[in-house]
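Here is a short briefing on charged side-chain pairs. Start with the structure, then read the points by topic.

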Amino acid sequence: DIQLARLAKRLVDRHLVLFDCISCDKCIPVCPNDANFSYATGPARIPQLTVRGTPEAPRFDREPDQVLEATHQIATFADFCNQCGNCDVFCPEEGGPYAIKPLFFGSEKHWRESADRDGFFITQEAVLGRIEGRHYRLDVSARAARFSGEGFEIELDLDDPESTLRGRWDRPVPLTWCFIMDLLRRSVLDTSHVNYVNMRWRKPSQTMGTNVS
C-alpha cells in the first residue's frame, strides 16, 4: 500500500545529500525502470576548497574536508529514470534519491538535451557536469587536472591544488566540484563493479554472468 509506505518512510530524521545515506538500498529494487544503482567509493575525503582573488594573487578558502563513511553510494541512470518518485516513497530519508543522488547520463547528447536536470556524463577522458544549472568540465591525466566552466579555465595537481593551480578566472571557483567529479569518475568507471556507466569499457569476459549493481 503506497499510503502506508509514505507513512513508514518518515522513520529517519535525515535529509538525503549527494553522498552517504543509511545505505538501506531500498531505492534500487523498488525502481520500476531499474534506474537506481550502487557504486563503490570506499571511505574517502573530499577537499572543500574555493579559489578567489586573481590569477596573479589567488586566495584559497578552505573548509574541513567532507568525509565519506559509506563504502558504497547510490546513483541514478538518467536514461532509465522517468522521475516517477517511487524511490522517494520507499526511501526512509527526505529528498528522493532520483532528485538528490548523482544522476548519470548515457550520452553527451542526452546530457545536453536535459538542461533542466543536473547531472553528469562520464567518459574515460573527461567528466561533464551540470550543477545548479552551471556547466563544468574536468579532464584528468594521472593526477593533473584541467577544470573549466563559465568564466574560468584552470589547471592543478589534485594532490596539491594550492601550490600548483594556474590559469584564469573572473569569479570565485568552487574547486570542491573538481574533486567531486574526479571521485565520481574514478568510482563509477571502476570496472570491478559493473554499472550502467562503465559497461561500455568492460571486456566481454568481465561482463558475462554479471548483474548491474
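The structure holds 19 salt bridges. A salt bridge here is a side-chain nitrogen of Lys or Arg within 4 Å of a carboxyl oxygen of Asp or Glu. The model is predicted: local features need pLDDT of at least 70, side-chain atom pairs count only at pLDDT 80 or more, and totals for chains, interfaces and linings use all residues. Residues are numbered from 1 along each chain as its sequence is written, and side-chain values use heavy atoms, leaving out hydrogens and water.

**Bridges at Arg62**
- Arg62 pairs with Asp65 in a salt bridge, 3.7 Å from N to O.
- Arg62 also bridges to Glu162, with the closest N and O atoms 3.1 Å apart.
- Helices (H or I, at least four residues) and strands (E, at least two) are DSSP runs, numbered from the N terminus.

**Bridge between two strands**
- Glu153 and Arg168 meet through their side chains in a salt bridge, 3.9 Å from N to O.
- Glu153 lies in strand β10 (residues 152-157) and Arg168 in strand β11 (residues 166-169), so the pair ties together parts 15 residues apart in sequence.

**Accessibility**
- Arg62 is partly exposed at 42% relative accessible area (buried is under 20%, exposed over 50%, partly exposed in between; 1.4 Å probe, protein chains only).
- Asp65 is partly exposed at 28%, and Glu162 is partly exposed at 39%.
- Glu153 is partly exposed at 36%, and Arg168 is partly exposed at 45%.

**Network**
- Salt bridges link Arg143, Asp159, Asp182, Arg185 and Arg186 in a network.
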